[in-house]
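Hi,

Here is the structure I promised to pass on. Have a look, and my notes follow below.

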Amino acid sequence: MKYISDILFWISTGLLVPVIVLLILLFIRSLLLTGSFFGQYLRIRKTYSIFTEKLSGLTAGNLPELRDEFSAISSKGANAKPDSLLLETFGQLLAATGNSARRQLLISDYEIAADKDLAVSRTLAKMGPVLGLMGTLIPMGPALVGLSTGDIASMAYNMQVAFATTVVGLFSSAIGFITQQVKQRWYMQDLNRLEYVSEVMDGVEGYEKKADR
């Protein structure tokens, strides 16, 4: 039994350095995510003002006008395309006239892109506490050994490592959780509006078919 417990102790002690390295990487990634999240927030404020204006005026009468407007933007080159995935998808939806399957594919692609963007936030929210807990428990063994032998300096160092890893893990997790919640709300609003555009186009196309008959 002693050999098994020694093996487990060696394994857990050997995992301390990889756990600390991963926590540092998570911390750096959370800082980068904070910066990109702020930039995305500024773009969304600009995008929503444009998209809301287009969406509020979306009717059967001006649908061809909006379609021609986005077609003109796309024909000017890649540099002139909207820098927002929402506006780009909106323009592609308007261009997919008479093709309901194409519009469903575009909405599904937007949902996949949104899920991909949320992957980093989900990873931080889940892995931060896991690595933080591992970084807390691993040094506790050597700290207890130092306490039993009277090595207060060793115990204090290991306790310092344990507390530091906990704080870093919780910080990274908090950044991931907050950004995930906010981004999910953004993307849910976007998907609802894109589905509304698709349904309006379905209704217009159905009315046109009846009128042709």
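First, is Val21 buried, exposed or partly exposed? Val21 has a relative accessible area of 43%, so it is partly exposed (buried is under 20%, exposed over 50%, partly exposed in between, with a 1.4 Å probe and protein chains only).

A word on the source: this is a predicted model, where local features need pLDDT of at least 70 and side-chain atom pairs count only at pLDDT 80 or more, while totals for chains, interfaces and linings use all residues. Numbering starts from 1 along each chain as its sequence is written, and side-chain values use heavy atoms, leaving out hydrogens and water.

Val21 sits in helix H2 (helices are DSSP runs of H or I, at least four residues, numbered from the N terminus). Helix H2, residues 16–56, gives the most to a nonpolar surface patch, with 9 residues.

Now the rings. Searching the whole structure turns up 4 aromatic pairs (ring centres of Phe, Tyr or Trp, its six-membered ring, within 6.5 Å; planes under 30 degrees apart are stacked, over 60 edge-to-face, the rest tilted). Phe27 and Phe171 make a tilted pair, because their centres are 5.4 Å apart and their planes at 45 degrees. Phe27 is in helix H2 and Phe171 in helix H7 (residues 152–212), so the pair ties together parts 144 residues apart in sequence.

Tyr110 and Tyr187 pair edge-to-face, 6.1 Å centre to centre with 70 degrees between the planes. Tyr110 is buried at 3% relative accessible area, and Tyr187 is buried at 12%.

Finally, Phe37, Tyr41 and Trp186 form one aromatic cluster.

Cheers

How values were computed
Helix = DSSP H or I, 4+ residues; strand = E, 2+ residues; numbered from the N terminus.
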